[in-house]
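Welcome! Take a look at it, then read on.

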Amino acid sequence: MNKKKVISLVVRYSVYGLVALFFFWAIRNHYFDYIFTESTTFWHLVKQHLQLVLVSSVLALLIAIPGGILVTRKPFRRAEWVVSNTVNLGQTIPSLAVLALMISILGIGFQTAVFALFIYSLLPMYRNTVAGIDSIDENLIDAARGMGMKPIQILLRIELPNAAYSILAGVRTAIVLNIGTAALAYVVGGGGLGVWIFTGIQLFDNGYLISGAIPVTLLAIFVDYLLRLLERLIVPEGSKPPQEL
Amino acid sequence: MITFDKTTKTYEGNVTAVKGVDFTVEKGEIVVLLGPSGCGKTTLLRMVNRLESISDGKITIDGQDSMSLNQTALRRKIGYVIQSNGLFPNMTIEENTMIVPDLLGWSKKDKKERFQKLMEMIGLSGEKFGKRYPHELSGGQQQRIGVIRALAADPPVMLMDEPFGALDPIIREKIQDEFLQIQKEVKKTILFVSHDIDEAIKMADKIVLLRGGELMQYDTPSEMLVRPKNEFVREFFGKDRAIKSLSLHTIQDLQEMIGLAEFDDAIADTKTINVNHDLRNTLSMLLNQEADQVIVSDDDGNKLGAITIDIVQKYLHYEIKAKPAPVLEGV
């Protein structure tokens, strides 16, 4: 036990040390300067990045969660196999390929990037919704029916509250991935912080690269934290997994 | 009152789970559906609140055909308890217990009062447990909550599907006793599924013994033990059915029928036993040679007489061989 603790402490503080070292190195070399010298462009790119993530995530949310609920209803159970595999297929296509394909249909720009990100967010959200609802003990549904709950009451009072943890975990995964993937939007002219990252790569300019990449990372960590807080608020006390503190 | 009238359940592919079963559960009685697994007892139970459809025949509840009633309304006036307690993890104990009253639109005040009353019934503090979640309770406590949840809206009829099956033997016995005590007060019409013979003998006013979806015998536990109708019933209750039947009789029954022996004050190694003790436990005590003389006393401690293995044997002989079969009403 004690040995484990020591190891975990050593690992944790080494990582902290490396991160601190990285920032020290970056600041020393003035790699973050573009954020301040070109602050108008920077905030414009951040805004674009957030718009990409927000629009695509909300769209995915509106499709994936109701979709997941629908295929777990009895009359649509048979469709689950088809739907799940179609969504899985969407995930297997490499992101760059999706972008390239979409250019030929939607052209270049914001809408193409949003569409690609939307496709990417569908799977984690959909799959966690289905898994969350499926994981509910069959006996609970039986008890609910036996007590005279209507299907809609079972969904709202039993299924969704008890699947909430899983569904929200899917949403969190999808959005955090989305923040990272949105950097690729630059490739199809969708803007966002990817503009600086790719500029940095093309010009071998660490300043642009880091001024673009680090804000994306921090954004992902920050959003992840916010969504965890939301999770704590939404998931009912009794349905939280026991190890959560 | 629940009446089964040639009730039949056939699944797709011509598998018949329940074959033309006829019997009546009288008001305020506990009828235990007993039988080996796959005999259709759970299916039969679930047909009452229409969790399973009825293929043929009918089930009437207080004279009304169950198919003529609205399914949701029907279920809300039938209490339903299942083995795995079925408590909803996302709801507190109070919310869980008050689900049916809530569905029926009771006022907040009525629900609160009812909850306190139900918790009193099972000897748990409503204040202390009301805001807790199911996973914070022990298995026995959870099952008790499952039982009072079914009683919440005071339904006339209750269906219990192996309600105590998942509990350890000591807790199970305790909750069985507690439930019989509650039943004395509430007098519900209860259909109870069990695969445990001892539980059935203990809980039942009458037992329905099923095999392969067919009704083998419908009788009081003592009749079934003493006068099995066919070979299956005889075998099902086993070779020790005479001993099992003793748990249905008390020393008092024996005393009224054949009287006790004189006791001898000169014997020093003596044990005293209450007259309300059942004969099965009494017999075990006698066989264990716990004392040279076992004296029977009443609640006030007056010595009524002594009991011996011979007397129990004599009583058993009378019960099984000499006593004329009583006429059962409703069969």
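Two strands count as paired if DSSP finds at least two bridges between them. With that in mind, turn to the model, which is a predicted one. In chain B, four strands form an open sheet with antiparallel pairing, in the order S2-S1-S4-S5. Strand S2 (15-25) and strand S5 (64-65) of chain B are at the edges with a single partner strand each, so one side of each has no neighbour in the sheet. Strand S1 (residues 2-11) of chain B is joined to S2(B) by seven bridges in the antiparallel sense. Within this pair, Phe4(B) has Phe23(B) in S2(B) as its bridge partner.

**More strands of chain B**

Strands of a sheet pair through backbone hydrogen bonds, in either a parallel or an antiparallel way. The table collects several pairs.

| Strand pair | Sense | Bridges |
|---|---|---|
| S3(B) (residues 30-34) and S9(B) | parallel | four bridges |
| S3(B) and S8(B) | parallel | five bridges |
| S7(B) (residues 157-161) and S8(B) | parallel | five bridges |
| S9(B) and S10(B) (residues 214-219) | antiparallel | five bridges |

How many residues of strand S8 (residues 189-194) of chain B are buried? Six of the six are, so S8(B) is largely enclosed by the rest of the structure. In a regular strand the side chains alternate between the two faces of the sheet. Both faces of S8(B) are covered: Thr189(B), Leu191(B) and Val193(B) are buried on one side, and Ile190(B), Phe192(B) and Ser194(B) are buried on the other. Val193(B) in S8(B) has Leu33(B) opposite, while Ile190(B) in S8(B) has Met158(B) opposite.

Strand S9 (residues 206-211) of chain B is also largely enclosed by the rest of the structure, because five of its six residues are buried. Ile207(B) in S9(B) is the bridge partner of Val32(B). Further along, Arg211(B) has Glu214(B) in S10(B) as its bridge partner. S9(B) and S10(B) form a hairpin with two residues between the strands, where Gly212(B) takes a positive phi near 50°.

**A histidine in a loop**

Where is His195(B) found? This residue is in the loop between S8 and helix H9 (197-203) of chain B. His195(B) counts as partly exposed because 16 C-beta neighbours are inside 10 Å. Leaving aside residues up to four places away in sequence, His195(B) touches Ser37(B) and Glu162(B). His195(B) and Thr42(B) are 153 residues apart in sequence, but 10 Å apart in space from C-alpha to C-alpha.

Stepping back, the domain assignment divides chain B into domain 1 (2-239) and domain 2 (251-322). Taken over C-alpha atoms, the centres of domain 1 of chain B and domain 2 of chain B are separated by 36 Å.

Chain B also touches chain A, in a contact that takes 19 residues from chain B and 17 residues from chain A. On the side of chain B that touches chain A, the elements giving two or more residues are helix H2 (71-76), strand S6 (78-82) and helix H4 (99-103) of chain B. That side of chain B has 11 nonpolar, six polar and two charged residues.

**The helices of chain A**

Chain A has 10 helices and zero strands. Its C-alpha trace spans about 70 × 60 × 30 Å along the principal axes. Of the 245 residues in chain A, 37% are buried. Among contacts in chain A with a separation of 6 or more, 74% link residues 24 or more positions apart.

Just after H1(A), His30(A) takes a positive phi of about 60°.

Helix H8 (residues 151-181) of chain A has 31 residues, and a straight helix would reach 45 Å at 1.5 Å a residue, but the end C-alpha atoms of H8(A) are only 38 Å apart. H8(A) bends by about 55° at Ala164(A).

Definitions and conventions. Residues numbered from 1 in each chain as written. Chains lettered and ligands numbered in written order. Predicted model: local features only at pLDDT ≥ 70, side-chain atom pairs only at ≥ 80, totals over all residues. Domains from an automatic or database assignment. Contact = placed C-beta atoms within 7 Å. Nonpolar A, V, L, I, M, F, W, Y, C, P; charged D, E, K, R; others polar. Buried ≥ 20, exposed ≤ 12 C-beta atoms within 10 Å, placed from the backbone. Expected span 1.5 Å × (residues − 1). Bend = angle between axes of the 7 residues up to and from the residue.
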